[in-house]
Amino acid sequence: MDLDKLVIQGGYPFSGSVQVAGAKNAALPVLAASVLGGRRVNLSNVPDVADVHSMLELLHFHGAEKAVLHNGRLSFSTEALSGSETPYDIMRRMRASFLVLAPLVGRFGRARISRPGGCAIGTRPVDFHLQALETLGAKVWLDGGIIEVQAPKGLRGNRITFPSPSVGATHTAMMAAAAASGETEIVNCAREPEIADVAAFLTALGAHIEGAGTHRIRVQGATSWRDVDHTILPDRIEAASYLIAAAMTGGQLEIIGGRLEHLGAALRILEAAGISVFPSDRGLMAERKGILKSVDVTTETFPGFPTDLQAQFMALMCLADGVSTIQERIFDARFMHVPELQRMGADIRQNGSTAIVRGVGQFHGAEVMATDLRASMSLVLAGLVAKGETTIHRVYHLDRGFEDIDGKLRRCGARIERISI
Ligand SMILES: CC(=O)N[C@H]1[C@@H](OP(=O)(O)OP(=O)(O)OC[C@H]2O[C@@H](n3ccc(=O)[nH]c3=O)[C@H](O)[C@@H]2O)O[C@H](CO)[C@@H](O)[C@@H]1O
Ligand SMILES: C=C(OP(=O)(O)O)C(=O)O
């Protein structure tokens with residue numbers, strides 16, 4: 001599995017429809033939050049991706065009922081779960097495993113956890129998460145790679161002010177506040193649509209939350225917990241990646257489940273680049289209008305242009321007319337796709353956190369290495385339109401977050417084959 005590779009023959013007509021999965025980046029914090037109540041959780045639209053299976057493994061390790069994902073549905077109880085040390089083997093696989101820390105502390109008053117791994121896209125500290133827990137009364141000890149947090153008398157509501165918006169730390173703060181006594185105000189928080197989805201889940205579980213989706217969230221801690229039914233929102237990054245696939249291949253694509261309001265600034269930027277996007281009965285329709293045009297982009301927190309779409313957009317800009325400047329402002333090392341796209345003929349000059357992309361009109365097939373989740377998608381997109389054959393090694397990065405990527409592309413006409421070694 002880890003050594004699977006994808007072989008793509010480029011240049012075949014690409015059109016049809018793609019069903020967007022539930023958002024990985026909402027499903028993971030929702031699963032982590034399920035620890036809090038010790039109740040039954042029924043989830044729909046859960047994406048069948050490796051990170052979700054790792055999170056289920058983590059919950060089961062802690063004693064949650066074993067959950068089997070079928071047709072996007074999951075049902076399990078976390079009643080029998082008990083607080084204990086979270087093993088490094090699971091923590092190293094994905095950053096989001098760190099999200100179980102606040103719910104474990106909230107429920108059991110204590111947790112030991114190792115620092116998280118995940119995509120190699122920068123330094124990715126966890127200080128905001130720990131500060132949020134400390135503000136609610138927890139004590140934190142750092143012991144090399146292990147973090148211990150204790151709140152034996154329970155967490156207490158307070159005002160948490162983040163130095164800058166963080167998606168993960170906002171989830172941590174909301175989950176801790178849901179378990180805390182009294183009211184918590186979270187200031188300068190992230191506004192991504194996934195935050196509002198997690199807030200809706202926590203509200204259904206028993207907390208009272210206002211303001212999710214704005215810079216200021218108010219949480220009234222739960223006094224009792226309930227069983228929950230919740231549907232995960234659609235994956236906006238997957239949807240936008242397929243919008244870019246339509247633009248690059250020139251095909252018309254229906255993105256079932258895609259939502260305009262989740263695209264934020266990406267909608268305006270994709271339209272400026274020459275993609276026509278409009279709502280359809282089932283989601284979004286996308287097609288290229290005329291030649292692709294260069295557009296400058298800076299990654300920002302939502303509703304700005306997402307860092308999780310930067311690599312895919314860079315692949316698109318390689319085919320555009322002119323020169324585009326792409327600035328990565330969220331992570332300090334998220335240009336791992338640059339040398340791989342260069343192997344396929346791209347003309348990209350990187351200077352620190354800025355990449356200058358000169359359109360080359362055409363990629364050529366090559367052997368390339370997937371380096372992280374979204375970077376890998378940029379290579380797939382390039383492979384779809386490249387002249388000749390592209391082989392992408394280390395496909396497990398893609399499998400972490402894109403559901404059935406080869407199946408979805410194949411059904412739209414792509415010649416893509418997965419080779420298991
Ligand atoms: C599982 C999940 O949802 N992952 C997403 C989440 O990651 P993640 O939650 O890790 O990203 P953050 O929003 O926390 O990171 C934003 C910035 O804040 C910094 N920071 C963050 C936490 C902290 O304690 N200290 C600190 O300095 C980070 O280094 C980064 O520069 O949001 C990112 C930004 O949209 C996305 O790319 C990831 O796909
Ligand atoms: C970087 C990502 O995930 P994670 O935060 O889990 O590493 C991502 O989804 O693009």
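Student: What distance separates the centres of domain 1 and domain 2?

Tutor: Please keep in mind that this is a predicted model. The centres of domain 1 and domain 2, taken over C-alpha atoms, are 30 Å apart. Domain 1 consists of residues 5-21 + 234-419, and domain 2 of residues 24-231. Their contact takes 18 residues from domain 1 and 17 residues from domain 2. On the side of domain 1 that touches domain 2, seven residues are nonpolar, three polar and eight charged.

Student: How does the radius of gyration of the chain agree with that of a compact globule?

Tutor: For 421 residues a compact globule would have a radius of gyration near 22 Å, and the chain has 21 Å, so the two agree. Along its principal axes, the C-alpha trace spans about 65 × 45 × 40 Å. Buried residues account for 54% of the 421 residues. The chain's secondary structure comprises 14 helices and 23 strands.

Student: Which residues are closest to ligand 1?

Tutor: The closest are Asn25, Phe128, Ser166, Val167 and Gly168, in a shell of 20 residues. Helix 1, helix 5 (127-135) and helix 6 (167-179) each supply at least two residues of that shell. The shell divides into ten nonpolar, six polar and four charged residues. Domain 1 and domain 2 each contribute at least three residues to the shell.

Student: Is valine 219 buried or exposed?

Tutor: One counts the C-beta neighbours. Valine 219 has 29 of them inside 10 Å and therefore counts as buried. Valine 219 belongs to strand 12 (residues 216-220). Leaving aside neighbours within four places in sequence, its contacts include Met174, Ala177, Ala178 and Ile209.

Student: Where does the backbone hold a cis peptide bond, and which phi values are positive in residues other than glycine?

Tutor: The background is as follows. Most residues other than glycine have a negative phi, and most peptide bonds are trans. Here, a cis peptide bond joins phenylalanine 302 and proline 303, with omega about 10°. Proline 303 is in the loop between strand 17 (297-298) and helix 10 (310-317). Asparagine 188, which is not a glycine, has a positive phi of about 65°. Asparagine 188 lies in the loop between strand 10 (183-187) and helix 7 (193-205). With 15 C-beta neighbours inside 10 Å, asparagine 188 counts as partly exposed. Arginine 394 also has a positive phi, near 60°. Its place is in the loop between strand 22 (389-393) and helix 13. Arginine 394 is partly exposed, with 17 other C-beta atoms within 10 Å.

Terms used: Residues are numbered from 1 along each chain as its sequence is written. Chains are lettered from A and ligands numbered from 1 in the order in which they are written. This is a predicted model: local features need pLDDT of at least 70, side-chain atom pairs count only at pLDDT 80 or more; totals for chains, interfaces and linings use all residues. Domain bounds come from an automatic or database domain assignment. Two residues are in contact if their C-beta atoms, placed from the backbone, lie within 7 Å. Ala, Val, Leu, Ile, Met, Phe, Trp, Tyr, Cys and Pro count as nonpolar, Asp, Glu, Lys and Arg as charged, and the others, Gly among them, as polar. Helices (H or I, at least four residues) and strands (E, at least two) are DSSP runs, numbered from the N terminus. The radius of gyration is taken over C-alpha atoms; the globule rule is 2.2 Å times the number of residues to the power 0.38. A residue is buried if 20 or more other C-beta atoms lie within 10 Å of its own, exposed if 12 or fewer, and partly exposed in between; C-beta atoms are placed from the backbone. A residue is near a molecule or strand if its C-beta atom, placed from the backbone, lies within 6 Å of it.
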